Amino acid sequence: MTVVRWLVPLAMVAALFMAFVFAPTEATMGDVQRIFYFHVPSAWVAFMAFAVVFVASIQWLRTRSQRWDALAVSAAEIGVLFATVALVTGSIWAKPTWGTWWDWDPRLTSTLILWLIYVSYMMLRSVIENPSKRASLSAVVGIVGFVDVPIVFMSIRWWRTIHPVVITGNSMNLDPSMLLTLMVCLAAFTLLFVHLLGMRLALEQQREEVNLLREAILYEE
Amino acid sequence: MKSYLDKVLAIVGKDVASELRTREVLSSMFVFAVLVIVIFNFAFELKVDNTEAVAPGVLWVAIAFAGMLGLNRSFITEKDRGCMEGLLLCPVDRSTIYLGKMLGNLLFMTTMEVIVLPVFAAFFNLSVLSPRLLLIVVLGTIGFAAVGTLFSAVAVHTRTREVMLPILLLPVAVPVLVAAVKATEDAIARIPPPTEGPWLGVLVAFDIIFTTVAFLTFEYVFQE
Amino acid sequence: MGNLIYLFAAYTIIWLAALLYSFSIGSRQKSLEREIETLKAVLAERTS
């Protein structure tokens, strides 16, 4: 984990360099387009986080090991963080590009639904006191939520393309150097995700240690 | 296999019998659905020319919200009346409880819809008797009830109970709502099958996938 | 070039989000560590 910790700032600096210096300016949108290099990786990391929640949820139900529940809640929290970033940056990009803060573009809309699903996951966790019940119930929601993700993406995509109301074309011709920039940023964000996940997981394990210590003390009385 | 089905039907029968005595859930669902339709009339200033555009959405919002009233009932009143323990003590696979409850909810929702659809047709001056529209309504309701029954069971274990159900259910049910509204739109406009969208397919896929997932995960909701 | 303000806003938000979250975890970790030390001391006292 210490390797990751030192790699993260290096990777982020590399990503910044690529996004601001190396990548060419886009023909139609100008420099604002550079938001793309951090907006897309944010959304991607959110998706990865939710995949982790899915796997951790299944593993909790199978093994009942607290570590899996700790992983699930940590990944969900970070996923919501990155999904929020993706939505906000997408909206900031939309304003100068399409003239409006929000326009129900299929990708942004799907990300919004994703955000809502995992916010509801976090809310569910906050209203259940019993730890093992909390883990089991949120695991069920974590599984159902992730299975829903591809269906949400597809149905919203069809909703927008088959019955167009206002189609705002979002096609971008990706220069090879732009693609490279995107890949570097993606890698940097993935490293950032792993690092934050590790930190959040350690926090969760600390909480567990506090609980165990408290129990031990009560037992001694 | 036959006894499995018997147990499922027994649970459905119990819910139906209990509802027949008071009819309170069905009547509140129906009244709520009508209220939603009426409120939308004021919210959107419906005139004769724009009803067709708004009608499918209004119908499905009414079904979704009235449906959640019924879904909440499926576990919350059980727990309140102390029936939940009795149900859990039965020597049955937990999945029978899921199927029984889900079918019960489906039955209640479709009964409510049967009464609401003519009202809807009258308010919007649309024909609703096409088998195509009825199929869409049934498919959409199945999807909604499949996930809704599972999430209702989850919600009953929380501090906030009935409040949690819409928060959990509505985001996950987005594909059902999108597909159902679009399919209803196509049906009302009488777009012929070859040129219509993939919406029926989405509904069927959602129904199958989520009934299966809910069926498999339901037992974990009640484990200690 | 007025659009650069949007670029600036977007990047600021990303950095703030990542940094503030890191700091938040870090400070929660520190306070938990203190609590763990206290609890360990209490436990040691009780078992001796």
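User: How many helices and strands does chain A have?
Analyst: In this predicted model, local features need pLDDT of at least 70 and side-chain atom pairs count only at pLDDT 80 or more, while totals for chains, interfaces and linings use all residues. Residues are numbered from 1 along each chain as its sequence is written, and chains are lettered from A and ligands numbered from 1 in the order in which they are written. Helices (H or I, at least four residues) and strands (E, at least two) are DSSP runs, numbered from the N terminus. Chain A reads α-α-α-α-α-α along the sequence, with 6 helices and 0 strands.

User: What percentage of the residues in chain A is buried?
Analyst: A residue is buried if 20 or more other C-beta atoms lie within 10 Å of its own, exposed if 12 or fewer, and partly exposed in between, with C-beta atoms placed from the backbone. The C-alpha trace of chain A spans about 70 × 45 × 25 Å along its principal axes. Of the 221 residues in chain A, the buried ones make up 47%.

User: Among contacts in chain A between residues at least 6 apart in sequence, what percentage joins residues at least 24 apart?
Analyst: Two residues are in contact if their C-beta atoms, placed from the backbone, lie within 7 Å. Among the contacts of chain A that link residues at least 6 apart, the share joining residues at least 24 apart is 79%.

User: At roughly what angle do the axes of α2(A) and α6(A) cross?
Analyst: Axes are lines fitted to C-alpha atoms, for helices over the stretch in contact, and angles run from 0 to 180 degrees between N-to-C directions. The crossing of α2(A) and α6(A) is right-handed; a crossing is left-handed if the near helix is turned anticlockwise from the far one by less than a right angle, and right-handed if clockwise. The axes of α2(A) and α6(A) come within 9 Å and cross at roughly 45°.

User: Why does that angle make α2(A) oblique to α6(A), and what is the class called?
Analyst: Angles under 35 degrees count as roughly parallel, over 145 as roughly antiparallel, 65 to 115 as roughly perpendicular and the rest as oblique. The axes of α2(A) and α6(A) cross at roughly 45°. That makes the class for α2(A) and α6(A) oblique.

User: How many charged residues are in the contact of α2(A) with α6(A)?
Analyst: Residues of α2(A), including A:Phe38, A:Trp44 and A:Met48, meet residues of α6(A), among them A:Leu182, A:Phe189 and A:Phe193. Ala, Val, Leu, Ile, Met, Phe, Trp, Tyr, Cys and Pro count as nonpolar, Asp, Glu, Lys and Arg as charged, and the others, Gly among them, as polar. This contact of α2(A) with α6(A) has 13 nonpolar and 3 polar residues, and the charged residues number no residues at all: no charged.

User: How many charged residues are in the contact of α3(A) with α6(A)?
Analyst: The axes of α3(A) and α6(A) come within 9 Å and cross at roughly 130°, and the two helices are therefore oblique to each other. The crossing is right-handed. Among the residues that meet are A:Gln66, A:Ala70 and A:Glu77 in α3(A), and A:Phe193, A:Arg200 and A:Glu204 in α6(A). The contact of α3(A) with α6(A) divides into 9 nonpolar, 3 polar and, as charged residues, 4.

User: Which chains share the most contacts?
Analyst: Chain B and chain C do not touch, and their nearest C-alpha atoms are 25 Å apart. Of the 2 pairs of chains in contact, the one with the most contacts is chains A and C.

User: Which element gives the most to the side of chain A that touches chain C?
Analyst: In this contact 30 residues of chain A meet 26 residues of chain C. Two or more residues each come from α2 (36-63), α3 (66-98) and α6 (176-220) of chain A. With 15 residues, the element that gives the most is α6(A).

User: Which element gives the most to the side of chain B that touches chain A?
Analyst: The contact takes 27 residues from chain B and 28 residues from chain A. The side of chain B that touches chain A has 19 nonpolar, 6 polar and 2 charged residues. With 7 residues, the element that gives the most is α9(B).

User: Is A:Val127 buried, exposed or partly exposed?
Analyst: A:Val127 lies in the loop between α4 (106-126) and α5 (131-162) of chain A. Not counting residues up to four places away in sequence, A:Val127 touches B:Thr158, B:Arg159, B:Thr160 and B:Met164. Because A:Val127 has 17 C-beta neighbours inside 10 Å, the residue counts as partly exposed.
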